[in-house]
Amino acid sequence: MKQVILKCCIVLFSLSIYSCSLKKVDNKTDIKKPNILFISFDDLRPEMGTYGSDVAITPNIDKLAKRGLQFNQAYCQQAICSPSRASLMTGARPESINVIENYTYFRDENPDIITLPQHFKENGYETVNCGKVYHGKFSDMEKSWSMQPDYKALPYKVNALVEKFVDPDNIRTFKENKAKMVAKYGNQHGLGMGPAFECVDVPDNAYIDGVNTDMAIHIMKEHKASKSDKPLFLGVGYIAAHLDFLAPKKYWDMYDRDDIKLANQYKGPVNGAPMGLHASFELRVRSNIPKYGKIPDSLALDLKHGYLATASYIDAQVGKLLAALEEEDLLENTIVMLWSDHGFHLGEMGVWCKATNYDIATRVPLIVWTPDQSEKSRGVKSDALVELVDMYPTLCDLAGLEKPKHLEGQSFAPLLDNPDLDWKSAVFSSFPTPALREWAANPLSKGMRETYFGPLIQDVEANIKEVMKDKWNRKLFENDLMGYAMKTQRYKLVLWKDRKNKDKAPLFIELYDHQKDPKETVNVADQNPELVKELIQQFNKGWKGNLAPIKADNSLI
């Protein structure tokens, strides 16, 4: 009962800052090109009320979904930050741009590719980014963005534009651990971390997501006051759902811990790929997490509580953005697109974090609202299969821009007019050997092997060798083995192949029947050889062979 009352209070509060704001606006021929509010989340799976979570408190995102079009089957192209974001921002798939781990800058491999914000910039938009839209330092400032946010304009001092702890003890722990690791191994990513979560009674802008909300609202106001003829493309990227789980205490307090349920799927799929799951490396480098063995239930509850708190924290930021759009009279000519870069395991399959090919890691929230979309799509929850790589061509269509020739997605703008259209027959994602790579998708470093995970990695390798027998090859498995996943309306097929010799037969095949087994608990490939053969034929048609039957003018074929 406490939880129900609290949810009602939160919803009423959200309505007070956001009431009836997402209303239908009549088409006007004299309205200039629409503004774009491009809201991204880091590591946030569809853990929201509107997506069926029975515990997450996310009234603002839920409200947006009731006014826009929600995609229930949206998939990333790779469940890791940089490849996913580089793919959707360039409109090309990870292997096409040769970005399959976090350390390759897409511009180094594709110096002349036209990104999504660059295309809008070159077509008369003011483009600006607050927070994590691209991955980390690969922000493409020169080509994608026409201006930088001026954080000095905020009415308070911004201490850091990165994720950081507030609690002095946590700050000290992080600094000490980092110094020890740097002294021994150099500044390797992920080594020497602080605790996995923090709960401190501070205002929203004590953390970077609150700062970026304030900055984005300032940009909206400045843009409106300037009376610029240029429409605004505003990217706002939130990172709170990424480890470490940092959110003000008031968002932790929204939850009754008795209402938080832990995952009951303790192991990976029966007969699943031995290289398809990892040992939760990203979580285990945190100072308060055991390096070996099961995560205790009490700690797992803390972690899930922290994840939910971050979801509510960034939901509140979304509510502030949308309220500001209305207050500045920008809403009637602004397209809102809200998305996450990938999903996240919270103990499902015995795994924590992202970096797998399973639905829990590849399925993402995606919600679109436009002022003039068809009433037939408002408040609809579509089961159409869509991909993050589809967002680039979709925004081009919605803004009336020509689409660059290199794009490898399909605009789902027709679904905003008619959500009942037959759509893609399959979508695609991939991940290189999760078991033998760090969460950044790079092969395990010496520091990782020696410092934390020697025993874990020995167990993982022993399991792979036992299952794969004479197919085991360390060089191949660590460097070139790729899991290629295809999701249809009913099935998930994963083919484990040598990515440098794709014509060779798969080394291992996984098949999951989502109609009977939505949690992917049993690999049924061996029991269904004819179905596997049929699905491989569909897989071999590639993304082009599985597009929706729509003509260039968005009419049915």
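Reader: What makes helix α2 (residues 59-67) count as largely enclosed?

Author: Seven of the nine residues of α2 are buried, so the rest of the structure largely encloses this helix. Buried means under 20% relative accessible area, with exposed over 50% and partly exposed in between (1.4 Å probe, protein chains only). The buried ones are Pro 59, Asn 60, Ile 61, Asp 62, Lys 63, Leu 64 and Ala 65. Keep in mind that this is a predicted model, where local features need pLDDT of at least 70, side-chain atom pairs count only at pLDDT 80 or more, and totals for chains, interfaces and linings use all residues. Residues are numbered from 1 along each chain as its sequence is written, and side-chain values use heavy atoms, leaving out hydrogens and water.

Reader: What is called a helix here, and how many does the protein chain have?

Author: Helices (H or I, at least four residues) and strands (E, at least two) are DSSP runs, numbered from the N terminus. By that count the protein chain has 19 helices and 15 strands.

Reader: What makes helix α3 (residues 81-90) largely enclosed?

Author: Ten of its ten residues are buried, so the rest of the structure largely encloses α3. Among them are Cys 81, Arg 85 and Met 89. The cover over the buried residues of α3 includes β1 (35-41), α4 (94-97), α5 (106-109), α6 (116-121), β7 and α14 (391-399).

Reader: Why is His 305 called buried?

Author: Its relative accessibility is 6%, which is why His 305 counts as buried. His 305 sits in helix α12 (residues 297-327). Leaving aside neighbours within four places in sequence, His 305 is in contact (heavy atoms within 4.5 Å) with Trp 252, Tyr 255, Arg 257 and Ile 260.

Reader: And how do you know that Asn 333 is buried?

Author: Asn 333 has 14% relative accessibility, so it counts as buried too. You'll find Asn 333 in the loop between α12 and β7 (334-340). Its side chain reaches the backbone oxygen of Lys 32 at 3.2 Å. The C-alpha atoms of Asn 333 and Pro 34 are separated by 5.0 Å, though the two residues are 299 residues apart along the chain.

Reader: What makes Ala 548 buried, and which residues is it in contact with?

Author: With a relative accessible area of 6%, Ala 548 is buried. Ala 548 has its place in the segment after α19 (529-540). Apart from neighbours within four places in sequence, Ala 548 is in contact with Gln 410, Asp 422, Trp 423 and Lys 424.

Reader: How many of the contacts in the protein chain join residues at least 24 apart?

Author: Among contacts between residues at least 6 apart in sequence, 75% do.

Conventions. Polar contact = N/O pair within 3.5 Å; in protein donor to acceptor, adjacent residues only side chain to side chain.
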